Amino acid sequence: VGVIEVGLYSNYTMILHAIQKFLNLIFGALTSSVGNLMHSENKEKSYNVFKNVFFATSWIVGFCSVCFYILFNPFITLWLGERYIFNDFVVFFIVLNFYLTFIRRPVNTFKHCAGLFRNDRFKPFIESAINLVTSILLVQKFGIAGVFMGTAISSITACVYVEPYILYKHFYKRSVLEYFTWFFKYLLVTVLATTIISVLSIPIQTTTIISFAYQFLLCMVVPNLLFYLLFRNTSEMEYFKNILKKILRKVMR
């Protein structure tokens, strides 16, 4: 699609990579603990931990995705100028690929710790083939957005369903529909938060430091408030409330 688009995309990837490094540190630290858990405790306890990890991941990744979609272009506009931004359509698919990549991390972490490597051994080849073919086809019509669309399509068709299916069928011996019930609930909250902030941002005509601060404040409050209010009575939220209480007790001593 051209060197110019690659240069523009580098502005977005520099910001993305900073957050990705932080998330990778979290999951890297989690892997050894999960491995010990899955081979020393019963599957019911392991499953409860998985639900808690998936809830926390969905909240963090959803929050980050909302911030990226709303703040990417205003931030780059203030930093470099309007000439260096993509339109919202392209930004949507950049953020979607970020979301799809990290929302799969809990499943992959638990799947790898369970030793389920052989069951999806052909998945990387299928994913790569779908990515390559769809990207080449879609880039003809949509430009650089088509490349990101191809990546999203390959993730959805080859990974989003296959990975949890293998974990649930071969390790937890449960229906994967339970997983997708949570998946779509958390996704809907992320979409709802993005929609609310987008509507509240309609009056903004030009990007200024004040308008950026206003949108930044909305991003800090709206997604976190929605996640808390909608899931405050769940066992997952109760689990993290108890952890927070323990930390506060230690700090207050």
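Me: Which helix holds Leu 177?
Reply: This is a predicted model, in which local features need pLDDT of at least 70, side-chain atom pairs count only at pLDDT 80 or more, and totals for chains, interfaces and linings use all residues. Residues are numbered from 1 along each chain as its sequence is written, and side-chain values use heavy atoms, without hydrogens and water. Helices (H or I, at least four residues) and strands (E, at least two) are DSSP runs, numbered from the N terminus. The element with residues 177-200 includes Leu 177, and this is helix H8.

Me: Is Leu 177 buried or exposed?
Reply: Buried stands for under 20% relative accessible area, exposed for over 50%, and partly exposed for the range in between (1.4 Å probe, protein chains only). Leu 177 has a relative accessible area of 60%, so Leu 177 is exposed.

Me: What separates the C-alpha atoms of Leu 177 and Phe 122?
Reply: Along the chain, Leu 177 and Phe 122 are 55 residues apart.

Me: Which residues have the most contacts inside the largest nonpolar core?
Reply: Such a core is a set of buried Ala, Val, Leu, Ile, Met, Phe, Trp, Tyr and Cys residues joined through side-chain atoms within 4.5 Å. The largest one has 68 residues, and those with the most contacts inside it are Phe 50, Leu 167 and Tyr 179.

Me: Which helix gives the most to this core?
Reply: Several helices each supply at least two residues of this core, including H1 (3-40), H2 (43-79), H8 and H9. With 16 residues, the one that gives the most is H2.

Me: Which residues is Phe 50 in contact with, leaving aside its neighbours within four places in sequence?
Reply: Contact means heavy atoms within 4.5 Å. With those neighbours set aside, the partners of Phe 50 are Pro 106, Val 107, Phe 110, Leu 167, Tyr 168, Tyr 172, Tyr 179 and Trp 182.
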